[in-house]
Amino acid sequence: MSSNGTVTVEKSNGKLPWNERLSYGASDFACSFTFSLIGTYLMYFYTDVFGITAGAVGTLMLVVRVIDALDGPFWGIMIDHTHTKWGRSRPYFVWFNAPFTIFTILCFTTPDLPMNWKIVWAYVTYIGIDVLYSAVNIPLTSILPSMTTDPNERVLLSTIRSLFSNFGGTLISVIALPLVTLFGGANNARRGFFWVAVMAAAVFFIIYLVVFANLREHVQTRQSQQALPIKTSLKALRNNWPWVIVVGLNFIYWLGMQTKGQVTIYFFKYNLDKPGLASLALFFNAVGLVSVFLTPKIVMKIGKKKTILSGLALSILGQLVLGLGAQLLNVPLVIIGTIIGNFGNGFVGALIAVLLADSVDYGEWKNGVRAEGIVTSASSFTAKFGMGIGGAITGMLLSLGHYAPNKSQSAAALFSIEVNYVWVPLVALVISFILILFYRLTPEKELEMTRYIDAKHARENLEDSIE
């Protein structure tokens, strides 16, 4: 907003400079680099390194999800209530940078405590990192509709973000175990994981300072210049069916991805008896970079809905091939299934944030309320909620299978690992596919919304300039 109180709108027809585009992508590189370390290895760290039972870990994951039911919407409401010279979302990149960095390290710190106090330590640090992740990640999605209203620019920004996110998650997944051995030696995984966490936290801290310096909220409206009451924010969700579908997709999709990701090391270590291949399987997450890169061109040809459906269909096919490989204990089939599935996942990951940004516009078009915080907070909240339920399912299934760390596993334990790695994700992908079939926000409707919103903002700008 200018000094005379006028509302400012984006310049250059919504096209952003490359320093902003790349900084937006780098933000999710930092998030994925740190949180993928937690999502992929924390359960293994708790059971096989810190010595907590799988059942206790599963309960922990479930309890944290109850807290998520409050902390996700809380941060969304906080963003809608924030009004600073930096904007609504951008301040959170600097306010919660250091706290998140500290708790990343604490999660992989192993004080010498009795079992009950180890569990307490795990609760405090995991709840802390989970809440703080919402504080630094939800603003990444809430700032997108404030950066531009141009639909193609949003797809490009989300594509760049997904490319960086995929690369960051893949990189830490592949290098984590070798670095644990490098930093801790063959017999000191506790020390190794601690220094890997320190390294990941430092990367996050530096990148988020750059992100804060470079990003801007170009789309400013009357509502964005004032704190929105909760009652007003919630109006943006009324009859907002695109938001409902995306929330459901985000929850069930990430539930499946989490159950698979966090037992990868278990599956290769115990089911296939090839622990050295776990890093290779995680490396093939990078296949998703290809599909993410192709997403803007494919969206231009067939639209967002068909692009996501195609990605989910490929993911389902990959999971079926993976399941066959798991049944036959055939490593080449497992790898082929992994590659096909990751290629499909790239399309899905690239477009979820775009669909949420579109639902912000839909809320303003349908209900007259633009509430970026409460609408997009669903992204982090539902993803984390799904991941947490996935974590709870994993812990409970391992417990039911009588999983015993660092020992030869029973048939029941091996089956519980396979269910987590293959069949739970497959069911989640099928449900996700069905959900997207009901998504009916067409390109024609998007164009109608964009024209309406741009005209509304321009009218407000003119009225305020006259005042």
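Trainee: Which residues form one aromatic cluster?

Mentor: F35, F93, F100, Y133, F204 and Y208 do. This is a predicted model, where local features need pLDDT of at least 70, side-chain atom pairs count only at pLDDT 80 or more, and totals for chains, interfaces and linings use all residues. Residues are numbered from 1 along each chain as its sequence is written, and side-chain values use heavy atoms, leaving out hydrogens and water.

Trainee: Why is the pair of Y92 and F96 called stacked?

Mentor: Rings of Phe, Tyr and Trp (its six-membered ring) pair if their centres lie within 6.5 Å; planes under 30 degrees apart count as stacked, over 60 as edge-to-face and the rest as tilted. The centres of Y92 and F96 are 6.0 Å apart and their planes are at 15°, so the pair is stacked. Y92 and F96 are both buried (under 20% relative accessible area; exposed is over 50%, partly exposed in between, with a 1.4 Å probe and protein chains only).

Trainee: What makes F194 and W195 edge-to-face?

Mentor: Their planes stand at 80° with ring centres 5.1 Å apart, so that pair is edge-to-face. F194 has a relative accessible area of 24%, so it is partly exposed. W195, at 39%, also counts as partly exposed.

Trainee: How do you know that R21 lies over the face of W18?

Mentor: The rule asks for NZ of Lys or CZ of Arg within 6 Å of the ring centre and within 35 degrees of the ring normal. R21 lies over the face of W18 at 4.7 Å from the ring centre, and K260 lies over that of Y421 at 5.8 Å.
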